Amino acid sequence: MVIPSLIECKRDGGELPPGTWAAIVRAYAADEIPDYQMSALLMAVVWRGLSNAELTELTAAMLASGARLQFDGWAVPRVDKHSTGGVGDKTSLLLAPMLACCGAAVPMMSGRGLGHTGGTLDKLESIPGFSTQLALPAATAQVRALGCALFGQTPEIAPVDRRLYALRDVTGTVPSVPLIAASIMSKKLAEGLNALVLDVKAGSGAFLPDEAHALELARTMIDLGESSGVRTVALVTAMDRPLGHACGNALEVEECLLALHGEGPADLMEVTLALGAEALVAAGLERDREAACLRLQGTIASGAALRKLAEIIEAQGGNPAVTDDPASLPQAPHSAVYVARSAGRVVAVHPRPVGQGIIAMGGGRTRVEDGVDPAVGFVITVRPGDTVKAGQPLATVYAADAAGLQAGEAALSEAIIIGGTAPAPRSLVSHRVSAQGVEIL
Ligand code: URA
């Protein structure tokens, strides 16, 4: 295989011959293609895309690079939800225990922060002691025992996505329908699922901001899922402002714990319930979305979802007491209240500067090998449409030091716009996409 000529072929808009993507994935897994050539190839795909045949082959090869979870002969329906990435997007931490309490099995394989967005693994690892590195037999056994395991890729599960994801994160090669679709679906198809719900973000904070791309991504992933026998449904949800109030790893875990105590912000709960209802119906555990929604709400009201999360945390080495004592999560040593500099209407809370601010404060990565500070981030209490007075608190910045506070405040001054005009906020859950087509909600 002559990699430079394959890069040139994709750069010039060509299609690689059958078998080539499979060979590339195998060679990359065997360390026969250096990251600099893989980055160039990925960038060519960002610009030129992939044909359907290339995408199917790439996804299958990424899936085949590792093992799959096996649940043969087990009647409990397996279901998962995955997001295309957002800021403050923490619904996985709520849905995993809620769905498990409703009789689903949730083998949830997640990723780390990508670009300006947060990752479920980084959030989970802010829980003291929590390990996301489960070996395949341990993950499978935990799903059978508790109905849920929350884990990341390892050298045995989806290893090529793990490496490509980290490489794309730092080479500007995330925003691409086929690369996002292959990344997500190669992980999800390794989970041994019966049903999958995709949260496809649209809006300025999404990797693919415009609605047409979000719908294309939804359809692309649904085709990959359905053709592998996994019932796949997508909701297009708003990412033109952060979801919920908390943005940053431990702060988001804390918001989830409050939500499981029944005190979640309305927007977070609306998106969580919409996704969860789709998951229960797709898994055949409820007949319609209304009944599913009531059942999910019941898991919070009864305390069952919180107890399930405590069990999962304990099984994965974390301290389950955190569920009743969020103060035991990592705390940033410095905080500052960010206030409105003028009176007026908040016309936008842009998610991208918020996500970039978290990275600038050390809560995300700029290089593959970077660690993250779990405690830093923002709690933003203001929403687009609110009217504020000069001096009114809009958010709190949590940082490791004075420079972090400054970086956080600079990010918020870019993110929170008071006065002027801006497009009307997107509807929180705007479309439902399935193999049958697109419904506007
Ligand atoms: N989530 C993933 O798992 N992969 C992507 O490429 C984007 C979001």
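How far does a polar side-chain atom of Lys187 lie from an oxygen atom of the ligand? In this predicted model, the separation between that atom of Lys187 and the ligand oxygen is 2.6 Å. The protein covers 98% of the 240 Å² of accessible area that the ligand has on its own, and the ligand sits in the largest cavity.

Lys187 is one of the residues surrounding the ligand, a shell that also holds His82, Ser83, Thr84, Leu114, Tyr165, Arg168, Ile180, Ser183 and Ile184. Sorted by class, this shell comprises four nonpolar, four polar and two charged residues. At least two shell residues are supplied by each of β1 (79–83), α8 (159–169) and α9 (177–188), and the largest share, four residues, comes from α9.

| Residue | Ligand atom | Distance |
|---|---|---|
| Arg168 | oxygen | 2.8 Å |
| Ser183 | nitrogen | 2.6 Å |
| Lys187 | oxygen | 2.6 Å |

Another part of the model concerns Arg383, whose place is in the loop between β9 (377–380) and β10 (387–388). The side chain of Arg383 is joined to that of Asp267 by a polar contact of 3.4 Å.

Definitions and conventions:
Residues numbered from 1 in each chain as written. Predicted model: local features only at pLDDT ≥ 70, side-chain atom pairs only at ≥ 80, totals over all residues. Heavy atoms only, no water. Polar contact = N/O pair within 3.5 Å; in protein donor to acceptor, adjacent residues only side chain to side chain. Near = heavy atom within 4 Å. Areas by Shrake-Rupley, 256 points an atom, 1.4 Å probe, with all protein chains shown as cover. 1 Å grid on protein atoms, 1.4 Å probe; cavity = no way out; pocket = protein on both sides within 12 Å on 5 of 7 lines; lining within 4 Å. Sits in = over half its atoms within 2 Å of the grid points. Nonpolar A, V, L, I, M, F, W, Y, C, P; charged D, E, K, R; others polar.
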